[in-house]
Amino acid sequence: MIRLLEHEGKAILRQAGIAVPLGGLYRSLPSDLSGPVVVKAQVFAGGRGKAGGIRFADDCAVAVEMANEIAIRPLNGQPVEDVYVEQRLDIAHEFYVAALVDRDIGVPTLLVCAEGGVDIEDVAPNRILRQAVDPLIGLQPFMVNRLVRALALEGPIATAFGDILRQLYAALVSQDAELIEINPLLLTKDGALIAADAKVLLDEDAAFRHPGRRAVPTGTEFELASRKLGVIGVETGPKHGVTAIMNGAGLTMATLDEVVALGGTMSGVVELHGATAHGPDRIADVIRLVHDVLDPAVIMLNVHFQFRNLATIAEGIVAALQRVPGLTADRLVLRLRGEKEDEARRILAAHHCDMLSDFGEACVLAVRRAGQI
Amino acid sequence: MAILVDKTSRILIQGITGSTGRSYAQRMLAGGTPLVGGVAPDRGGQDVAGVPVFDNAAEAVAATGANAVLTVIRSDLALDAVLESLSAGITTLVLYTENVPVHDAIKMRAYARAKGARLLGPNSAGVISPGKANLADLNDTNVRPGRIGIVSKSGTLTYEVIDDLQKLGFGESSVVCLGGDPVIGTTYADILPLFGADDETDLVVLIGEPGGGLEYQAIATLPDMHKPVVAYIAAQNAPPEKRMGHAGAIHGGHAGDTTATAKLAAFRAAGCEAVGRVTEVGAAVQRALHRD
């Protein structure tokens, strides 16, 4: 999932034909921008307004001064990526509209609410109207009409609102987006509908249809380094506890649960995500990363293969013992289950490593070795 | 009887000439799974592991009478492959491929439902009815026939549950992996009634996880289930779901609390044995079987 900043999201809205206020990034403001403006921190954190990330200025000169201040201070713990300055509008009403993938019913869905401009989670669910769209027929006029009528809109505004819903749905599909949310969608005093904010989540898996689409990785040092090795690392607690390396998201969750339930502290987990295919060296690199960054009391490998060869894992463990200074066999808990268990056990035994095949026993041993039971 | 696949299934592999397809073909035939052919564009007339390869799904179905397919096709081609199989009349599909775009998943799910077919996936570890047919990322030697049904999103969680059940002597009637993606073709609520009607299934283990509301849809079907359902909800201790601003919470749907702890509590409130550790599943199954 790729999150866009507000100004990137607004570029998508503009491309879809939806009006947005005139504006630009503070270091390259458009020459025709003048008069009262809004200065907005571009951050991935929520609660931007309350944290002082949205301010008002009477002209662009003042706005740029404010932007310089906003740009250097983190907001709610998140770095400010940039500052966006846009024209301030005379507001008659604020709506909420969104197009999203509703995973529970497996179809695109449009959402509208007459109460925009507020935290949508604070709005009573029955005030938010949903319209699921069967992808086999697409968005039909009756669906749009139902939403527009529910907001009691009439005349040219009703027509314009319907157009925005159509444009929003088309953009959700054509952009391979998981969410496009406009909150608020402003009705100005002169009767125009303008998107004052934009939240857009794009599908990374559809990058092959969108040249240049690429996720900017975020996370801790450990998490970013894991990604470089082609594995999924997550820091789950303070350092020096148990760290576990698994194959599969499910097994990763289950191992974390078991260690915590036994009273252990899990510093981090790694999901190998097919890294075994790169051979023993890659496994050794993952163990080295875990060892060097999280300094765990115990490194557990909990691998359960149906078809892949466990000997690759065993060879990787041996390579890590030889290459990683400070790593000793007594800090390893090895649960390897699957094809070639006997071969893996022989390889490990030659380097004084015991191998278990039971999930529960291995978790107990890991927590005990970490001195946590 | 089992569900979805059995000895009478007639199975194809879509993408049979790739390395994944070939190894599945060899394993299926070695394990006695009724594999009748494969599909690979421009490879018609060849054979893989002794079964014929066809250029397209329609020809394969016409020649073999196939009704089930395992699709192992690159993610950017998966939508076309699934629509092709559905158009050819296949009624049970496993899409093993991961990283399929969500809007492609939406389209294949909608078409499968319109055709009255069952699509497992994307990103499904498949389905196995032990001793009968195996379209799963599960080794035949690790699974024994028995009277427990399993339905799960995850593949690797089912491995552990199967192990835990095996220690107590239980085997499985069928194991169904729905797939780990946000939008999937078949849900828990679709599968539970099939197990409910299966006279070879005594009890169902449902393996849930945080995110989305499919587990709540499953709970809504329980009043019609006249056999016990044991829920195991993983990731009780996972860091909270990353919420994408305020939209994130409703982004998932309209199910309310999508955490693992809330789901576990909901199954308990519905009268099920429900556990949060994989090592507790076997004991929970025994308790559920010996109630009353």
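Two strands pair if DSSP finds at least two bridges between them. Strands (E, at least two residues) and helices (H or I, at least four) are DSSP runs, numbered from the N terminus. The structure is a predicted model, in which local features need pLDDT of at least 70 and side-chain atom pairs count only at pLDDT 80 or more, while totals for chains, interfaces and linings use all residues. Residues are numbered from 1 along each chain as its sequence is written, and chains are lettered from A and ligands numbered from 1 in the order in which they are written.

In chain B, D47(B) has P52(B) of strand 4 as its bridge partner. Strand 3 (residues 47-48) and strand 4 of chain B run antiparallel and are joined by two bridges. These two strands form a hairpin with two residues between them, and A49(B) takes a positive phi near 55° there. Strand 4 (residues 51-54) of chain B is also joined by two bridges to strand 2 (residues 35-39) of chain B, this time in parallel. On that side, G38(B) has V53(B) as its bridge partner in strand 4 of chain B.

## Domains

The domain bounds come from an automatic or database domain assignment. Chain A has domain 1 (1-20 + 90-216), domain 2 (22-88) and domain 3 (221-369). The C-alpha centres of domain 1 and domain 3 of chain A lie 44 Å apart. Chain B has domain 1 (11-120) and domain 2 (126-289), with C-alpha centres 25 Å apart.

Two residues are in contact if their C-beta atoms, placed from the backbone, lie within 7 Å. By this rule, 19 residues of domain 1 of chain B are in contact with 15 residues of domain 2 of chain B. On the domain 1 side, strand 5 (68-71), helix 4 (102-114) and strand 7 (118-120) of chain B each supply at least two residues. Helix 4 of chain B has the largest share of that side, six residues. Sorted by class, that side has 15 nonpolar, two polar and two charged residues. Here Ala, Val, Leu, Ile, Met, Phe, Trp, Tyr, Cys and Pro count as nonpolar, Asp, Glu, Lys and Arg as charged, and the others, Gly among them, as polar.

## Where the chains meet

Between the chains, 47 residues of chain A are in contact with 52 residues of chain B. Strand 6 (91-102), strand 7 (107-113), strand 9 (177-188), strand 11 (199-202), helix 6 (249-261) and helix 10 (359-369) of chain A each supply at least two residues of the chain A side. Helix 6 of chain A gives the most to that side, with 10 residues. The chain A side has 23 nonpolar, nine polar and 15 charged residues.

Angles run from 0 to 180 degrees between N-to-C directions, and axes are lines fitted to C-alpha atoms, for helices over the stretch in contact.

| Chain A | 12-14-13-15-16 | mixed | 10° |

In the chain A sheet, strand 12 (232-235) and strand 16 (332-337) are the edge strands, each pairing on one side only. Strand 13 (residues 242-246) and strand 14 (residues 266-271) of chain A run parallel and are joined by five bridges. Within this pair, T243(A) stands opposite G268(A).

Strand 10 (residues 145-152) and strand 11 (residues 172-177) of chain B pair in the parallel sense over six bridges, and S152(B) has C177(B) as its bridge partner.

## Nonpolar cores

A nonpolar core is a set of buried Ala, Val, Leu, Ile, Met, Phe, Trp, Tyr and Cys residues joined through C-beta atoms within 7 Å. A residue is buried if 20 or more other C-beta atoms, placed from the backbone, lie within 10 Å of its own. In soluble globular proteins, nonpolar side chains tend to be buried together.

The largest nonpolar core has 200 residues, of which V97(A), I317(A), V127(B), V205(B) and Y232(B) touch the most other members. Helix 7 (residues 280-294) of chain A gives the most to this core, with eight residues. Leaving aside neighbours within four places in sequence, V97(A) is in contact with L111(A), V112(A), I164(A), L165(A), L168(A), I182(A) and L185(A). Another core, of 13 residues, lies apart from the largest one, and its members include L29(A), V37(A), A67(A) and I70(A).

Conventions
Buried ≥ 20, exposed ≤ 12 C-beta atoms within 10 Å, placed from the backbone.
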